[in-house]
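Biologist: I would like to learn how to read a model residue by residue. Could we go through it step by step?

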Amino acid sequence: MLSASFLRQLEQLPRLSRLLFCACLTQRMMPNFQLFALSSGFAPENILQKYLDLFWEYLSYRGAKINFAIQYENFEQYIPDVQNFDMFGVYPAIDCCVSLELLFNGILSADSDEAAHASQISMGSIVKFLEMQFADSLSDEQLAQQPLVQAELKFQERCYHLACNFEQKPVYIKEVKHFARNEDVSNLGICLQDDEPA
C-alpha cells in the first residue's frame, strides 16, 4: 500500500524534514497510547506527549538546547512489554512508542530512514487493527480500499508535502502540529476528546 517510491522519497528528505514527517505520524498515533495508558494504568496518559513536545520545540527553534540522550533514557520505561498485557491495545501503543523512538534515533544517530520506518509503522498499525477486526478475512485488495487505509495514505501524502516545505519557525511548526493532531483522532479512528474542542 505504501509504494517503494514514496518510501525512497522520504529517505531523501533533509534531516529536519524527515523528523517533521516522523513527528506528524507520532502525533496522530498518540491517542492510541493514551487509550492504552488509561485502560491499563500502565503510565500517565499524557507522558508520551510531553516527550513528543520536545521534538516539536526542537523543530520550532534553531539552536534549541535539549538533552535528548537523557530524555531517551527516561522515555524507555514507558515502552510497554507486550507479554505483560492481554489486550490488543498494547500493540498500537507500542507502535506509537516505536515511532517516538525513531525521532530520538533521528537526532542521536546518523540514520536517515526514520521517516520511512515511521510511515511503515503507522500503516502497519492500521493493518493489524483491520486484520483483528475482520479476522484476517480481507484480501490485499479489500484491505487497500478500507477507509482507514485510504485516510492514512492521504494523511502521509500531506505530511510529506509539509515536510518538503519545512520552515524552522514557531508559527509554521504550530500549524503543522495542529494538522497532525487530526482533531485528536488517531490513525485507528480513536478519539478521547469527543467533548472538547480540537
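**Reading the model**

Modeller: Start with Tyr 172, whose place is in helix 9. Keep in mind that this is a predicted model.

Biologist: Is Tyr 172 buried or exposed?

Modeller: The general idea is a cut-off: under 20% relative accessible area is called buried. Tyr 172 has a relative accessible area of 12%, so Tyr 172 is buried.

Biologist: Which residues does Tyr 172 touch?

Modeller: Leave out residues up to four places away in sequence. Tyr 172 then touches Leu 20, Leu 162, Asn 165, Phe 166 and Glu 167.

Biologist: How far apart in space are Tyr 172 and Gln 120, C-alpha to C-alpha?

Modeller: The two are 25 Å apart in space, and 52 residues apart in sequence.

Biologist: Glu 167 was among the contacts of Tyr 172. Which residue does Glu 167 meet in a salt bridge?

Modeller: General idea first. Side chains of opposite charge can pair when their charged atoms come close. Here the side chain of Glu 167 meets that of Lys 169, at 3.5 Å from N to O. Glu 167 is partly exposed, with a relative accessible area of 34%. Lys 169 is partly exposed too, with 48%.

Biologist: How many salt bridges does the count come to?

Modeller: The count comes to 6 salt bridges. One of them joins Asp 95 and Lys 128, with the closest N and O atoms 3.1 Å apart. This pair links distant parts of the chain: Asp 95 is in helix 5 (residues 90–108), Lys 128 is in helix 6, and 33 residues separate them.

Biologist: Why is Asp 95 called buried?

Modeller: Asp 95 is called buried because its relative accessible area is 10%, and the cut-off is under 20%. Lys 128, at 33% relative accessibility, counts as partly exposed.

Biologist: What does Lys 128 touch?

Modeller: Phe 88, Tyr 91 and Asp 95, again leaving out residues up to four places away in sequence. For distance along and across, take Lys 128 and Asp 184. They are 56 residues apart along the chain, and their C-alpha atoms are separated by 21 Å.

Biologist: Which residue forms a salt bridge with Asp 184?

Modeller: Arg 181 does, with the closest N and O atoms 2.6 Å apart. Asp 184 counts as buried at 12% relative accessibility. Arg 181 counts as partly exposed at 29%.

Biologist: Let us turn to backbone angles. What is the phi of Asn 182?

Modeller: The phi of Asn 182 is positive, about 55 degrees, although Asn 182 is not a glycine. Asn 182 sits in the segment after helix 9 (170–181). At 27% relative accessibility, Asn 182 counts as partly exposed.

Biologist: And where is Ala 135?

Modeller: Ala 135 is in the loop between helix 6 and helix 7. Its phi is near 55 degrees, a positive value in a residue other than glycine. Ala 135 has 62% relative accessibility, so Ala 135 counts as exposed.

Biologist: Now the surface. Which residues form the negative surface patch?

Modeller: Glu 131, Asp 136, Asp 140 and Glu 141 form the patch. Asp 136 lies in the loop between helix 6 and helix 7 (140–144). Asp 136 counts as exposed, at 57% relative accessibility.

Biologist: Back to helix 6 (residues 114–133), which holds Ser 125. Is Ser 125 buried or exposed?

Modeller: Ser 125 has a relative accessible area of 2%, so Ser 125 is buried. Beyond residues up to four places away in sequence, Ser 125 touches Pro 92, Asp 95, Asn 187 and Leu 188. Asp 95 is also the salt-bridge partner of Lys 128.

Terms used: Residues are numbered from 1 along each chain as its sequence is written. This is a predicted model: local features need pLDDT of at least 70, side-chain atom pairs count only at pLDDT 80 or more; totals for chains, interfaces and linings use all residues. Side-chain values use heavy atoms; hydrogens and water are left out. Helices (H or I, at least four residues) and strands (E, at least two) are DSSP runs, numbered from the N terminus. Buried means under 20% relative accessible area, exposed over 50%, partly exposed in between (1.4 Å probe, protein chains only). Contact means heavy atoms within 4.5 Å. Patches are made of residues with over 30% relative accessible area and no salt bridge: like charges are joined within 9 Å, nonpolar side chains (Val, Leu, Ile, Met, Phe, Trp, Tyr) within 5 Å. Accessible areas come from the Shrake-Rupley method with a 1.4 Å probe; for residues, only the protein chains shown count as cover. A salt bridge is a side-chain nitrogen of Lys or Arg within 4 Å of a carboxyl oxygen of Asp or Glu. Lys and Arg count as positive and Asp and Glu as negative; His and the chain ends are not counted. The place of a charge is taken as NZ of Lys, CZ of Arg, CG of Asp or CD of Glu.
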